[in-house]
Amino acid sequence: MDNFVAIDVETANYHPTSICAIGAVKVINKCIVDRFYHLVKPEPNWYVRKFSEEIHGIFPHHTDNQPCFDKVWKELNHFIDNLPLVAHNKSFDERCIRATCRTYQIDFPENGFYCTLAASRHQIPRQLCSSYSLPQICNFLGIPFNNHHNALADAEACAKIAISIL
């Protein structure tokens with residue numbers, strides 16, 4: 001795959017509609033050409049301490065004055081255009097985006113959605129990699145990666161994995 005948008009979302013709580021950050025990286029001809037990142041006021045707008053403190057570090061004061069998903073999605077959907085989407089563990093990201101689109105009565109784009117986690121499991125023998133997590137796959141492929149659970153950093157890591165193995 002030469003052209004796609006890698007995408008990642010972070011959630012505020014256990015509800016898939018509670019997207020509080022979204023990152024996307026556009027790849028054209030196997031080159032990263034653009035990036036998109038936005039904090040989002042989640043729905044429902046409450047945070048689970050573990051998510052905020054241990055996972056992504058996003059707190060209510062970061063998102064209270066941010067736009068809701070429907071406003072962010074308009075801009076992101078334009079960014080995506082007609083390109084297929086890619087995520088590491090797409091089942092999570094796709095479930096969250098689809099659920100939030102339903103909440104806001106937005107049509108989910110049917111551009112195709114691919115998974116670097118599934119591709120990694122298919123192409124990299126288990127004995128060569130301690131796990132198929134995003135940081136471990138990046139490490140295995142020699143892709144520099146830090147700031148795990150920042151939506152933009154995760155989307156960029158996913159894009160680089162996709163360029164390598166899809």
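These are my notebook entries on a predicted model and on what I looked up in it.

**Entry 1. Ground rules**

I number residues from 1 along each chain as its sequence is written. Because the model is predicted, local features need pLDDT of at least 70 and side-chain atom pairs count only at pLDDT 80 or more, while totals for chains, interfaces and linings use all residues; side-chain values use heavy atoms, with hydrogens and water left out.

**Entry 2. The strands**

I began with strand β2, residues 19–28. Helices (H or I, at least four residues) and strands (E, at least two) are DSSP runs, numbered from the N terminus. I asked which strands pair with β2, where pairing requires that DSSP finds at least two bridges between two strands. Strand β1 (residues 4–11) is joined to β2 by eight bridges, and the two run antiparallel. Strand β3 (residues 31–39) also pairs with β2 in the antiparallel sense, over eight bridges.

I then followed individual partners. F4 has V27 as its bridge partner in β2, and V27 in turn has I32 as its bridge partner in β3. Further along, A24 stands opposite F36 in β3.

Is β2 buried or exposed? I use "buried" for under 20% relative accessible area, "exposed" for over 50% and "partly exposed" for values in between (1.4 Å probe, protein chains only). Nine of the 10 residues of β2 are buried, so the strand is largely enclosed by the rest of the structure.

**Entry 3. The turn between β2 and β3**

β2 and β3 form a hairpin with two residues between them. N29 in this turn has a positive phi of about 50°. K30 is also in the loop between β2 and β3, and its phi is near 65°, a positive value in a residue other than glycine. With a relative accessible area of 41%, K30 is partly exposed.

**Entry 4. Aromatic pairs**

How many aromatic pairs does the structure hold? I noted four. Rings of Phe, Tyr and Trp (its six-membered ring) pair if their centres lie within 6.5 Å; planes under 30 degrees apart count as stacked, over 60 as edge-to-face and the rest as tilted.

One of the pairs is F36 with F79, which is tilted, at 5.8 Å centre to centre and 45° between the planes. This pair links distant parts of the chain, since F36 lies in strand β3 and F79 in helix α3 (residues 69–80), 43 residues apart. F36 counts as buried because its relative accessibility is 6%; F79 counts as buried at 7%.

Another pair is F69 with W73, which is stacked, at 5.4 Å centre to centre and 25° between the planes. Both residues lie in helix α3, four residues apart, about one turn of the helix. F69 is buried at 2% relative accessibility, and W73 is buried at 3%. F69, W73 and Y104 form one aromatic cluster.

I also found a charge over a ring, meaning that NZ of Lys or CZ of Arg is within 6 Å of the ring centre and within 35 degrees of the ring normal. The charged end of K26 sits over the ring of F79, 4.8 Å from its centre.

**Entry 5. The largest pocket**

On a 1 Å grid over the protein atoms alone, a pocket is an open set of points with protein on both sides within 12 Å along at least five of seven lines, for a 1.4 Å probe, and lining residues have an atom within 4 Å of a point. Grid points are joined across faces, edges and corners, and a volume is the space filled by probe spheres set on the points.

About 350 Å³ of space lies in the largest pocket. Its lining has 21 residues, of which D8, H88, N89, F92 and H149 lie nearest its centre. The elements that give two or more residues to this lining are β1, α1 (49–56), α4 (90–103), α6 (134–141) and α7 (151–165). Which element gives the most to the lining? I recorded β1, with five residues.

By class, the lining has 10 nonpolar, seven polar and four charged residues. Here Ala, Val, Leu, Ile, Met, Phe, Trp, Tyr, Cys and Pro count as nonpolar, Asp, Glu, Lys and Arg as charged, and the others, Gly among them, as polar.

**Entry 6. Backbone details in loops**

P44 is in the loop between β3 and α1, and the peptide bond from E43 to P44 is cis, with omega near 5°. N147, in the loop between α6 and α7, has a positive phi of about 65° although it is not a glycine. N147 is partly exposed, at 48% relative accessible area.
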